[in-house]
Amino acid sequence: MAKFLISRLLWAIPVVLVILVFNFVLTRMAPGDPITAIVGEFPAPDAYIAQLREALGLDQPIWMQLWLYLGQVFQGDLGYSFANRQPVLDLIMVRAGNTLALMVPGLILASILGVVLGRLSLLAQGKFLDNLLTGISLFGYSVPVFWFGQILIILFAVELQALPAQGMRSLRPDGPLFLDYLAHWVLPGFVVTIFYAAIVARVARASLKDASTGDFVLTALAKSGSDRRVFWRHVLPNGLIPIISVIGYNFGLALTGAILVESVFAWPGLGSLFMQSIVTRDYATLQGIFILAGTSVVLANIITDALYGVVDPRVRHGSHGR
């Protein structure tokens, strides 16, 4: 397992480097000028604009800007956000924590709920419950997140006034901070849970169905006669690989997958910061978000590969053979 993980980590280094270069070039190719966003529409002296360009390094050729930027990143410096008046790393860490506070509980609930729904749908195959669960999964997967979020706000925040509509916490919470956070989390967390649970449920149903039709399952049923025991000991372990794949994919996109949800519910995370940085042409913050998002996807893939090796040792042995 150690060799397996080391090989994955070594492959991750050039991948992260490519992400750095690609994101830098892509950001610079986007339309707009960060100087205009900083100065505004009011006329400014040419000397002041030239000074800003020099301070941001925008007066250098793009290859030189890239070289200087890579040097800063390898030293742990992601730059300075002039739009937010603070270092990018500090800004992103705070916003990433807020995004994880929204996404991680939702993704954990979605993973558990998705597997349960996939199992129930498989048990009720061809019956009304199966059609109902399939319809719920299809709705959760296909409904637009921004529309569904606004419907929940109108219903539970405006009409019933049972839950807060926006934000992560109240300015003056009436009770414990955790309960205040939980009240703000319910609506956006529900949207996240429903969407990702639908994805997991569809994959889980198909994977468990394929695993349950194997000859080894029929043999195990003939020996034990217990459907529950055969499911836990044979069907689920053999159907876990695709389920782990989609769960790992969901967690890999946790930092950026909440952009629409955070925008609808004004959740102060990376998603809202990303949208704000686009408007202000905040290159440093955009690049920092891209780096964090790309690295999180790479790490999620490595953890997923490690779980493959735990569930099925043939995966890591096959990797060593290659």
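Is the crossing of H5 and H11 left-handed or right-handed? The crossing is right-handed. Before going further, note that this is a predicted model.

Let me stay with that pair of helices. Two packed helices are described by the angle between their axes and the distance between the axes. For H5 and H11, the angle is about 160 degrees and the axes are 11 Å apart. Angles over 145 degrees count as roughly antiparallel, so H5 is roughly antiparallel to H11. On the H5 side, the contact is made by Leu-107, Ile-108, Ser-111 and Val-115. H11 brings Ile-243, Ile-247, Asn-250 and Phe-251 to it.

Now the whole protein. Its secondary structure comes to 15 helices and two strands. There are 322 residues, and 39% of them count as buried. If we take contacts between residues at least 6 apart in sequence, 74% of these join residues at least 24 apart.

Next, the interior. In soluble globular proteins, nonpolar side chains tend to be buried together. Here, the largest nonpolar core has 37 residues, and those touching the most other members are Leu-102, Met-103, Val-191, Tyr-196, Leu-208, Val-261 and Phe-265. The elements giving two or more residues to this core are H5, H7, H8, H10, H11 and H12. Of these, H8 gives the most, with twelve residues.

Take Val-191 as an example. Leaving aside neighbours within four places in sequence, Val-191 is in contact with Val-145, Phe-148, Gly-149, Leu-152, Val-261 and Phe-265. Another core, of 19 residues, lies apart from the largest one; Leu-66, Ala-96, Leu-273 and Phe-274 are among its members.

Definitions and conventions. Residues numbered from 1 in each chain as written. Predicted model: local features only at pLDDT ≥ 70, side-chain atom pairs only at ≥ 80, totals over all residues. Heavy atoms only, no water. Core = buried A, V, L, I, M, F, W, Y, C linked by side-chain atoms within 4.5 Å. Buried < 20%, exposed > 50% of the residue type's maximum accessible area, 1.4 Å probe, protein only. Helix = DSSP H or I, 4+ residues; strand = E, 2+ residues; numbered from the N terminus. Contact = heavy atoms within 4.5 Å. Axes fitted to C-alpha atoms, helices over the stretch in contact; angles between N-to-C directions. Parallel < 35°, antiparallel > 145°, perpendicular 65-115°, else oblique. Left-handed = near helix turned anticlockwise from the far one by under 90°.
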